[in-house]
Amino acid sequence: MQQPDTREIMTLNRIVVGSVIVIFLVVIAIYLLVFSGKTGQYSDFEDYVFGTYIQIRISSKVNPSTVSKAIFNEMKRLEKKYDTYSEGSIIYQLNHADDWVEVDDETLALVDLALKYARQTEGAFDPALGRVIDLWGFSKFTQREAEGGNFTVPTLSEIRDALANSGYTKIAIDYVSKKIKTNGVWIDLGGMLKGYALKRGYQIAKEYDPKCHGFIQAGGQIMILGPKYNKANWVVGIRDPRGQPDENVGFVYLKEGSIATSGDYERFFIVDGVRYHHLIDPKNGLPASGAISATIICDDPVTADVFSTAAFVLGEKTWLFTRTAFPTYGAEVFLVTPKQKILKTDNFALYEQADR
Ligand code: AMP
Ligand code: MG
């Protein structure tokens, strides 16, 4: 029998070894592409929008940076479109028109939703306080603060005039011709826009990868994308309104949904030792004084955002309304009173159990 010569054997060996290496590398590449997101490794992204830092922590089979950029771009789009005080935004147009203004479907739905929330909270959440908020200087607050502040307390007659041209009941919607008329009030969606942006962020993340997990944090609100490592709770601290930013008055354990806090420490200025903050009581046009922070846990991030503002405004005195009405909309409340007493709705305690 004819023996293969040694050169042929060596070439054959090289082909075999080479093929094994190539197959090995291809398998690793496929593994990394397909399964990298499922190992539970998180990628972090940070940027700045709505006058606050946002953080996205995500594990996804789609490139996390692609998902995060898409979420961030959506937030930027909403910031621009619904900025009450910048010319060119749809809200600015509405607020400065004497007549009906035709709007797109998203704007009609958002304003309609804002009015619904105003009715649910008996006007504590009022999306038509733009003139009062502007008078106090809380429009473009971060920018003003960076420029040196110089905030002044408006006079009572200025507040009265601004209040006379405020109030959600003045807004009219024509659903057939898709038009809105503000009748002199200024719409300010600052109390619900972050929540809406978080809702859109969640939708975008799930469109890229329904199994992605992590969270999006924007200022005082978090939207959970999925449990930690796909199984565990995220531990969220409730900030101590009179402590340092890293001090907490409580902790909750969440696998889904959203948590939002409105606090008097977020945007404020001090004149003659008095703190004037950005959460306005629509009844008198003054910073609400019945709470120092309000936290809501709710599956829906828009409800969490709106109801945290409303619970703050309703405060300690109207607590019985808050604790009765808010859970019927799926919102559980944690309120810190001016004397730092903590009031909670019955089911809030469920979220405080670490072994949920
Ligand atoms: P948040 O920090 O989410 O509670 O939202 C606060 C923002 O909501 C403020 O900066 C204002 O733009 C707006 N706002 C203040 N008071 C009210 C109110 N009573 N109802 C609705 N929006 C309000
Ligand atoms: Mg809010």
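1. Basis of the note. In this predicted model, local features need pLDDT of at least 70 and side-chain atom pairs count only at pLDDT 80 or more, while totals for chains, interfaces and linings use all residues. Residues are numbered from 1 along each chain as its sequence is written, chains are lettered from A and ligands numbered from 1 in the order in which they are written, and side-chain values use heavy atoms, with hydrogens and water left out.

2. H2 and H8. Helix H2 spans residues 64-81 and helix H8 residues 193-208 (helices are DSSP runs of H or I with at least four residues, numbered from the N terminus). Their axes come within 9 Å and cross at roughly 150 degrees (axes are lines fitted to C-alpha atoms over the stretch in contact, and angles run from 0 to 180 degrees between N-to-C directions). H2 is therefore roughly antiparallel to H8, a term used for angles over 145 degrees.

3. H8 and H9. The axis of H8 also comes within 7 Å of that of helix H9, residues 301-314, and the two cross at roughly 165 degrees, so that H8 and H9 are roughly antiparallel to each other. Leu-193, Lys-194, Gly-195, Tyr-196, Leu-198 and Lys-199 in H8 meet Pro-301, Val-302 and Asp-305 in H9, and the contact has 5 nonpolar, 1 polar and 3 charged residues.

4. H4 and H9. Helix H4, residues 105-120, packs against H9 at an angle of about 50 degrees, with the axes 11 Å apart. Leu-113, Tyr-117 and Gln-120 of H4 touch Val-302, Thr-303, Val-306 and Phe-307 of H9, a contact with 5 nonpolar, 2 polar and no charged residues.

5. Ligand 1. Of the 17 residues around ligand 1 (a heavy atom within 4 Å), Ala-124, Asp-126, Ser-262, Ile-280 and Thr-309 come nearest. A polar side-chain atom of Thr-309 lies 2.6 Å from an oxygen atom of the ligand. For Asp-188, a side-chain N or O atom is 3.0 Å from a ligand oxygen atom, and for His-278 a polar side-chain atom lies 3.3 Å from one.

How values were computed. Parallel < 35°, antiparallel > 145°, perpendicular 65-115°, else oblique. Polar contact = N/O pair within 3.5 Å; in protein donor to acceptor, adjacent residues only side chain to side chain. Contact = heavy atoms within 4.5 Å. Nonpolar A, V, L, I, M, F, W, Y, C, P; charged D, E, K, R; others polar.
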